Amino acid sequence: MNAIDIELLSITDLKKVITLNEYLLPYINENDKEPSWDGTIIIFNEKGKQKKNLEGRVSVQVKGKASENLSEQTIKYAVEIVDLKNYLSDGGVIYFVIYINKLGESRIYYAPLEPLKIRTYLSGTKKSQNTKTIQLKSLPKDQSKILGIVSNFQMNSKKQASFSHIKPLTISDLRNIYPDENYELTISGKGLENVREIAEFNELNNIYIYAKVPGYAIPIPIDGEMEEIFLLEKDNLVFSVDNKIYYKEATREYRKDGIVLYLGSNISLIISDEKKTFNIDFKGTDKVRELTRSLEFLIKLIRNKGFYINEFWLDLEKANFDFTTFDMNTEEKRLQYFKDIVRLLDYLGIAEDLDLSELTNQERRDLDILKVALLKGKNVGSLKENIPSIAMLVIGKLKLALIFNQIKDTKGVYQIEDHFQNDLIVTAIDEEGIRRKASIYSLLSVDVLAYADNVRFDVFLPSYKELELSTSIIDDANIFMLKLIEAFDLLKKSNIERAGKLINTALDFAKWIIESDLETGFIDEITQKLNLYQIKKRLGTIEKNEQIELLSIAENSDLPNEIRFGAYVLVDNKLGAELQYNSMDKEQQDFVKKYPIYHFF
């Protein structure tokens, strides 16, 4: 691809992502000749993108770059100094760099460059220097986070615009200039609700402190790092009670009258220096894992009348907390309910937390059914008739692949099992008419492999290896491997971590099939290699000698059109692939379209 192709693809991909946001509208020009800028993003405060709801706009700069590596979370990019100075005068810019590979796949990176951030970059430059390297982060897929990035940039740029060419004050400056005055430090951000969330918020956004001081009608931006200003530290403190550790770290905030220790997302210990007392602030959360941990910690410390921080015992007699309002019986029942849900998540191999506030009443009932079926091993009734034997159950954001075995001579009574933890035997009739054992995972669809949260990738290949080797087993393994590749293609942009597990599992299958075929000769060698090489191409690990081998396959006129077509697409010879594809009849073309190698065409 030439530079124009890369620019067009980059801008097109960015415009698509921004347009999909219900509150943002891009105006980004292609082949734009305007110095330093490529366009703007309009922000609306209501859905519908109507003029009356316009909130503001931000300037953007877009750069495209050819790269086969789309896996990095952060990148660095050289920006011209003159452009940075132009951005500073204009109130800042969101700088986008889009990596594009040979297949036209992309990854978008961004850097919010508010005036204060630009000043930081420019402060370390020399007169003879023409460029400055900036750091960019991978743009998240979550549209609410994208809106937050754009909105927070717009808010901070607006606040800092009047101070673009004024050296910002530091905390030390404030203390020297206003030694006897009170001044208020504030921090704000859309999506930032309390100090606990600063670290997570800062992963996506730049965070700034503003001071309200005498002589200024508006808050002024303060120079300095967040940790320096807020005096926040991560402490490796161990919080335990009744011989169980509940927290292994805390965020410490220093205040004039003492310190605050933040444990997890919903417990704060406010410790007073003068009175030598402390208070416990417990805030509710709907995340079941965090709620279980914090509630059990609270119950245990009340029952034990204190808890340990490392080896130091904090006695509740020194706590300014009214425990008489704490209904121990009710809270212990709630705790057991939450613990059962956590046990269910652990049983299903789901490490993520579950937000109970997102569940419908039916989904809560489904959770109760699963606890009975999976944790207690009991049959459950009053379910719908004719549920498919393999079905996907949705609970909140979780998608669970489960096996439903309807009990014979019953209506709506089922045995429910986790698809990835069972000893069910599946049989199939092979080409010779012989009934043989098969892997239960051969029944899985591409959607289940891509989206089910309880998938366990480590069980797939062993389930095939333990079967007696036969033509049907190798054929089934080959089909399953192709499903893994298809699932990878569905997720490679939206879920890189899971896509990596899928394609690496497919690679293990391809290698095993080749090793097995050396002994059995069930699948032809060229087909095996095409499958292996299409996996390696997706991983970006295909080697020069392998490309040469593919080229010799492609140019072998004795081979079928579909084989030569596959080889041509794997060496990026589009013309050769088109010639082979056009030489096929309609039936052959439809056959080729069904397979993941067609993705490269």
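Predicted model: local features only at pLDDT ≥ 70, side-chain atom pairs only at ≥ 80, totals over all residues.
Contact here means heavy atoms within 4.5 Å.

Figure 1. The chain forms 19 helices and 25 strands, and its C-alpha atoms fill a box of roughly 95 × 70 × 50 Å along the principal axes. Among the contacts with a separation of 6 or more, 60% join residues 24 or more positions apart.

**Figure 2. Surface and charge.** The accessible surface comes to about 32,200 Å², with 48% of it belonging to carbon and sulfur atoms, while buried residues make up 47% of the 601 residues. There are 80 positive and 93 negative side chains, and the centres of these two sets lie 4 Å apart.

**Figure 3. The largest nonpolar core, with 61 residues.** Within this core, Phe460, Phe480, Met481 and Phe509 touch the most other members. Helix α13 (residues 471-491) supplies the largest share, 11 residues, and the core draws at least three residues from each of domain 3 (359-422) and domain 4 (447-600).

**Figure 4. Surroundings of Phe460.** Leaving aside neighbours within four places in sequence, Phe460 is in contact with Phe420, Tyr441, Leu444, Leu449, Val455, Phe480, Thr505 and Phe509.

**Figure 5. A second, separate core of 56 residues.** Members of this second core include Ile309, Leu356, Leu374 and Leu402.

Terms used
Residues numbered from 1 in each chain as written. Heavy atoms only, no water. Helix = DSSP H or I, 4+ residues; strand = E, 2+ residues; numbered from the N terminus. Buried < 20%, exposed > 50% of the residue type's maximum accessible area, 1.4 Å probe, protein only. Areas by Shrake-Rupley, 256 points an atom, 1.4 Å probe, with all protein chains shown as cover. Lys, Arg positive; Asp, Glu negative; His and termini not counted. Charge placed at Lys NZ, Arg CZ, Asp CG, Glu CD. Core = buried A, V, L, I, M, F, W, Y, C linked by side-chain atoms within 4.5 Å. Domains from an automatic or database assignment.
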